[in-house]
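Subject: Structure handover

Hello,

Here is the structure I said I would pass on. Please open it alongside this email, and read the notes below as you go.

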Amino acid sequence: DFTTAQNVAAAINGKLGFGVAQAVDAVSVAVRAPVGADVRATLMSTIENLDVTTAEPPAKVIVNARSGTVVINSAVRVGPAAVTHGKL
């Protein structure tokens, strides 16, 4: 997502200097790379070993009405609630 792309660009810029990386969209980060295969390989190695904080995924609840299955991800927070079903 956009937050993770921005965090990747920030981590790269923090390690390699301001303006080296820029988040383009939710799935792309543009990196200004130096000329030369050996230098680029070193750059990519440095980038792939950076620690990046990923964004919290949005809360998601999926209900299959046919089977009665409910699937939630870890971002869902359940508070006090009242549930009814049939004659229950």
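Start at Val-71. Setting aside neighbours up to four places off in sequence, Val-71 is in contact with Lys-60, Val-61 and Ile-62. Please keep in mind that this is a predicted model. Val-71 sits in strand β4, which covers residues 69-72. Its relative accessibility is 45%, so Val-71 counts as partly exposed.

Val-61 belongs to strand β3, residues 61-64. In sequence, Val-71 and Val-61 are 10 residues apart; in space, their C-alpha atoms are 5.8 Å apart. Val-61 also has a relative accessibility value, 49%, and therefore counts as partly exposed. Beyond residues up to four places away in sequence, Val-61 touches Val-70, Val-71, Ile-72 and Val-76.

Ala-21 takes us to the core. The largest nonpolar core has six residues: Ala-9, Ile-12, Val-20, Ala-21, Leu-43 and Ile-47. Helices α1 and α2 (37-48) each supply at least two residues of this core. As background, nonpolar side chains tend to be buried together in soluble globular proteins.

Next, the two helices. α1 and α2 pack with their axes 10 Å apart, at an angle of about 120 degrees. That angle is why α1 counts as oblique to α2. From α1, the contact is made by Ile-12, Lys-15 and Leu-16; from α2, by Leu-43, Thr-46 and Ile-47. The crossing of α1 and α2 is right-handed.

One more residue in α1 deserves a look: Asn-13. Helix α1 spans residues 2-16, and Asn-13 is in it. Is Asn-13 buried or exposed? Asn-13 counts as buried, because its relative accessibility is 16% and the cut-off for buried is under 20%. A polar atom of the Asn-13 side chain lies 3.0 Å from the backbone nitrogen of Val-20. Neighbours within four places aside, Asn-13 is in contact with Phe-18, Gly-19, Val-20 and Ala-21.

Finish with Val-20, one of the core residues. With neighbours within four places in sequence left out, Val-20 is in contact with Ile-12, Asn-13, Ala-30, Val-31 and Arg-32.

Best wishes

Notes
Residues are numbered from 1 along each chain as its sequence is written. This is a predicted model: local features need pLDDT of at least 70, side-chain atom pairs count only at pLDDT 80 or more; totals for chains, interfaces and linings use all residues. Side-chain values use heavy atoms; hydrogens and water are left out. Helices (H or I, at least four residues) and strands (E, at least two) are DSSP runs, numbered from the N terminus. Buried means under 20% relative accessible area, exposed over 50%, partly exposed in between (1.4 Å probe, protein chains only). A polar contact is a pair of N or O atoms within 3.5 Å; within protein, one must be able to donate a hydrogen and the other to accept it, and residues adjacent in sequence count only if both atoms are side-chain atoms. Contact means heavy atoms within 4.5 Å. A nonpolar core is a set of buried Ala, Val, Leu, Ile, Met, Phe, Trp, Tyr and Cys residues joined through side-chain atoms within 4.5 Å. Axes are lines fitted to C-alpha atoms, for helices over the stretch in contact, and angles run from 0 to 180 degrees between N-to-C directions. Angles under 35 degrees count as roughly parallel, over 145 as roughly antiparallel, 65 to 115 as roughly perpendicular and the rest as oblique. A crossing is left-handed if the near helix is turned anticlockwise from the far one by less than a right angle, and right-handed if clockwise.
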